[in-house]
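Biologist: I am new to this model and would like a close look at one part of it. Could you take me slowly through the sheet and whatever packs against it?

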Amino acid sequence: MEEDLRARLEEMSTADLVAVLRSQNVEEWRPEVFPLVEAILSQRGVDVVALKPARAGLEETDYAPVESVASFSTALEANLCRMALEEAQIHAWLSTEYLADVAPHLGLAIGVDVLVRKDVADAAREVLASIKTGAAALPSEGEPCPKCQSEQTERLQATDRGATIGAGRLAGTPLPEHDWRWTCGTCGHEWE
Ligand SMILES: [Zn+2]
């Protein structure tokens with residue numbers, strides 16, 4: 001099989017082979033084609049090594065597709081998740097950061113996805129799974145009420161309240177990262 005493949009590739013012109021190697025198009029070509037093309041080009045005296053950096057540079061500037069690894073109903077939860085991923089050296093974005101410019105209200109309505117690059121999605125899921133099993137911990141929860149010391153406190157997303165206050169706030173800027181408040185279930189005190 002490989003002999004056939006090589007024979008067919010050898011019939012191609014050097015320019016065509018260079019184009020194949022440069023494209024790295026795995027949908028059009030089987031993966032085993034590329035090393036063969038490389039070998040044939042070397043034989044023909046083409047500086048294959050010189051072709052490679054151009055390819056690597058291209059990949060770096062290419063758009064990196066992202067994938068959602070977790071969904072949350074609030075930006076706060078999603079942010080905690082993102083912080084845990086960043087701690088594991090995995091860069092993550094919130095879907096609201098993408099939506100904030102065009103439709104901040106929509107971002108809140110549909111929940112918040114945590115996005116990572118596709119090539120690290122599996123690693124990200126492993127990190128998240130280990131958090132769930134307690135191997136790693138999300139930043140601690142719970143803050144006693146500064147007024148009555150009750151532990152019956154809850155975090156609120158300040159943006160939910162902000163939405164009713166003024167459209168000006170929604171129109172422009174992306175959501176601040178620490179946009180939430182605490183509320184006390186015992187005395188009703190609210191603080192930030
Ligand atoms: Zn209280």
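Modeller: Happy to! Let me begin with pLDDT, which is the predictor's confidence in each residue, on a scale from 0 to 100. The protein chain has an average pLDDT of 74, and 67% of the residues score at least 70. This is a predicted model, so local features need pLDDT of at least 70 and side-chain atom pairs count only at pLDDT 80 or more, while totals for chains, interfaces and linings use all residues. Residues are numbered from 1 along each chain as its sequence is written.

Two stretches call for caution. Across residues 53–62, pLDDT stays under 50, and the model has two contacts for them beyond four places in sequence. Residues are in contact if their C-beta atoms, placed from the backbone, lie within 7 Å. Residues 160–176 also stay under 50 in pLDDT, with 13 contacts beyond four places in sequence.

Now to the sheet. Helices (H or I, at least four residues) and strands (E, at least two) are DSSP runs, numbered from the N terminus. Two strands pair if DSSP finds at least two bridges between them. Three strands form an open sheet in the order E1-E3-E2, and the pairing is antiparallel. E1 and E2 are the edge strands, each pairing on one side only. On average, neighbouring strands of the sheet are turned by 30 degrees against each other, direction ignored.

Let us start with E3, residues 112–117. Five of its six residues are buried, where buried means that 20 or more other C-beta atoms lie within 10 Å of the residue's own, exposed means 12 or fewer, and partly exposed lies in between, with C-beta atoms placed from the backbone. E3 pairs with E1 (residues 66–72) over six antiparallel bridges, and here Ser68 stands opposite Leu115 in E3. E2 (residues 92–94) runs antiparallel to E3 and is joined to it by three bridges. Along that pairing, Trp93 stands opposite Leu115 in E3, and Leu94 stands opposite Val114.

H5 touches E1, E2 and E3, and its direction makes about 170 degrees with that of E2; axes are lines fitted to C-alpha atoms, for helices over the stretch in contact, and angles run from 0 to 180 degrees between N-to-C directions. H5 covers residues 75–87. The buried residues of H5 are Ala75, Ala78, Asn79, Cys81, Arg82, Ala84 and Leu85. After H5 comes Gln89, with a positive phi near 65 degrees.

A nonpolar core is a set of buried Ala, Val, Leu, Ile, Met, Phe, Trp, Tyr and Cys residues joined through C-beta atoms within 7 Å. The largest such core has 16 residues, and Ala78, Cys81, Leu85, Val114, Val116 and Ala124 have the most contacts inside it. E1, H5, E2, E3 and helix H8 (121–132) each supply at least two of its residues, with H5 giving the most, five. Apart from this core lies another, of five residues, including Leu17 and Val33.

Terms used. Expected span 1.5 Å × (residues − 1).
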